[in-house]
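This report describes selected packing features of one protein model. The sequence and structure are shown first.

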Amino acid sequence: MDFDPMTDRHPFLDGQPKRMLIGGQWVPALSGKTFETRNPANGDLLALVPEAGPEDIDRAVAAARAAFEGPWRRFKPDERQAVMLRFADLLERHWDELAWLDTLDMGAPIRHTRGSQRHLIGLMRYYAGQATALYGQTAETSMNGEMFAATLKEPVGVVGSIIPWNGPLWACVFKTAPVLATGCTLVLKPAEDAPLTPLRFAELALEAGLPPGVINVVTGHGRVAGAALAAHPGVDKVSFTGSVGTGQEIVRASAGNLKRVSLELGGKSPHILFDDADVEAAATAAAYGVFANAGQICTAGTRVFVQRRIHDQVVERMAQIGASLRVGPGTHSDSDIGPLVSARQMERVLGYVGSAHEEGARLVCGGTRLDDPVRAAGNFVAPTVFADVADPMRIAREEIFGPVASVMPFDTLDEVVQRANDSPFGLGAGVWTRDIGRAHAIARRLQSGSVWVNCYNQMDPSMPFGGVKLSGYGRESGLQQLDEYLHVKGLWIQHG
């Protein structure tokens, strides 16, 4: 699709109801039901999308199974690699169009959605390289010399992936690349709040030459279509990104056939600023660590621990940054922060702001809905900084998923480690210090899947990402993710 955002309506939004991809065919839900997806910046209807039920999940799983046991199983590693590289090239060619679709459907500023190109295209190409680098090992056993023993790596089979709304294009690449590299097949269930980019992504997958049924995209509500996918006996593995509560439901649903499960769940990440840090750099990183994507990032560093000597200085600087950020529709080139994804999410965030007032936190900036004429129809919340926050307060313990920072002073390293770890979550953590010994010491003690020192939220295809505790288990990205999609088979050959 050719697309000029300055002159054109998005070509994917042609006014016609969308269809799902099952077995290489674009089909409606068997029930005929649809649901609306709307632009969170202004409430405009973007498209009607199929509302899948369990019977549609049955069709998609059957198509994925047929592809896994049929044409896709016969693809050699270099052939999988070739189709993945074609897919990456197509994604790159259509990146602007995909970024705009993400922006329209979930609200992030176009600079944010465009800016992920290098990482996500790189991730697809990185895993294309891994398709030809899968191998087992031989073993020297304690048997006699006439026994050959080795391990084989084999694809787990049909994967069900359930993705969130806060980064549909990110999630599509993260969930698809390891599936293709290892020779599995996929049933992808997008979030109902942002289902459009995954459908366009699937069109490009077919254009790249993937056989029918290798990728299937089924749209619908999580409590129906997502639940049916998680419990389906024909699914061999579920990969889920989303809330803790839903992740726990998926673990329970997996018990029927003991399918594999990997979970990337919530976070309440500590961002720790020592008084020897570059205060301007650290305060700026802390602000953007909360406000980026309107706070709708699982690794958002919403618990900002600041050593007491620089505490007031950091609070003031974060508030200055928050007040200066331009909040507006993601399609506006000068917007720094877009809307929250839905009115429901906006009310949830404002509810946390209200609880902070009730519990005695001090509002430094923001804390309100932005309802001027330009933004009144959207779900806009001002970047918010609270000081005088105590650890037991709700805003310091619960994941808000909005642009709300809790700034808290600390005195010693031991104290801040204890407080940072006093959380049910463990996804990300940030540390700012010039003392390299302190950096190493605290990084080892923090209970977190990732620790960023003198930076924040950095990612690369070569590095694993995931959490501990209620932030989930399993890893995405890096070589470690491949093992989530592979069985290890022991092979014994008596040749005497």
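The model is predicted.

**Helix H7 and its two partners**

Helix H7 (residues 196-208) packs against helix H3 (residues 95-106), and their axes come within 8 Å. The two axes cross at roughly 160 degrees. Angles over 145 degrees count as roughly antiparallel, and H3 and H7 are therefore roughly antiparallel to each other. Their crossing is right-handed. On the H3 side the residues involved are Glu-97, Leu-98, Leu-101, Asp-102 and Asp-105, and they meet Leu-196, Thr-197, Arg-200, Phe-201 and Leu-204 in H7. Sorted by class, this contact has 5 nonpolar, 1 polar and 4 charged residues.

H7 also packs against helix H2 (residues 77-93), at an angle of about 135 degrees and with the axes 9 Å apart. H2 and H7 are therefore oblique to each other. This crossing, too, is right-handed. From H2, the residues Val-83, Arg-86, Phe-87, Leu-90 and Leu-91 meet Phe-201, Leu-204, Ala-205, Glu-207 and Ala-208 of H7. By class, the contact of H2 with H7 has 8 nonpolar, no polar and 2 charged residues.

The geometry of the two pairs is set out here.

| Helix pair | Axis distance | Crossing angle |
|---|---|---|
| H3 and H7 | within 8 Å | roughly 160 degrees |
| H2 and H7 | 9 Å | about 135 degrees |

**The buried face of helix H9**

In helix H9 (residues 244-253), the buried residues are Val-244, Gly-247 and Ile-250. Viewed down the helix axis, they fall within an arc of 115 degrees, so they line one face of H9. The elements covering these buried residues include helix H8 (222-231) and the strands E7 (158-162), E10 (237-241) and E11 (260-264).

**Pro-339**

Pro-339 is located in the loop that runs between helix H11 (308-324) and helix H12 (343-359). Apart from neighbours within four places in sequence, its contacts are Pro-40, Ala-41, Met-106, Gly-107, Ala-294, Gln-296, Gly-328, Gly-330, Asn-379 and Phe-380. Thr-412 is 73 residues from Pro-339 in sequence, and the two C-alpha atoms are 38 Å apart in space.

Technical notes. Residues are numbered from 1 along each chain as its sequence is written. This is a predicted model: local features need pLDDT of at least 70, side-chain atom pairs count only at pLDDT 80 or more; totals for chains, interfaces and linings use all residues. Side-chain values use heavy atoms; hydrogens and water are left out. Buried means under 20% relative accessible area, exposed over 50%, partly exposed in between (1.4 Å probe, protein chains only). Helices (H or I, at least four residues) and strands (E, at least two) are DSSP runs, numbered from the N terminus. The arc is that of the directions from the helix axis to the C-beta atoms. Contact means heavy atoms within 4.5 Å. Axes are lines fitted to C-alpha atoms, for helices over the stretch in contact, and angles run from 0 to 180 degrees between N-to-C directions. Angles under 35 degrees count as roughly parallel, over 145 as roughly antiparallel, 65 to 115 as roughly perpendicular and the rest as oblique. A crossing is left-handed if the near helix is turned anticlockwise from the far one by less than a right angle, and right-handed if clockwise. Ala, Val, Leu, Ile, Met, Phe, Trp, Tyr, Cys and Pro count as nonpolar, Asp, Glu, Lys and Arg as charged, and the others, Gly among them, as polar.
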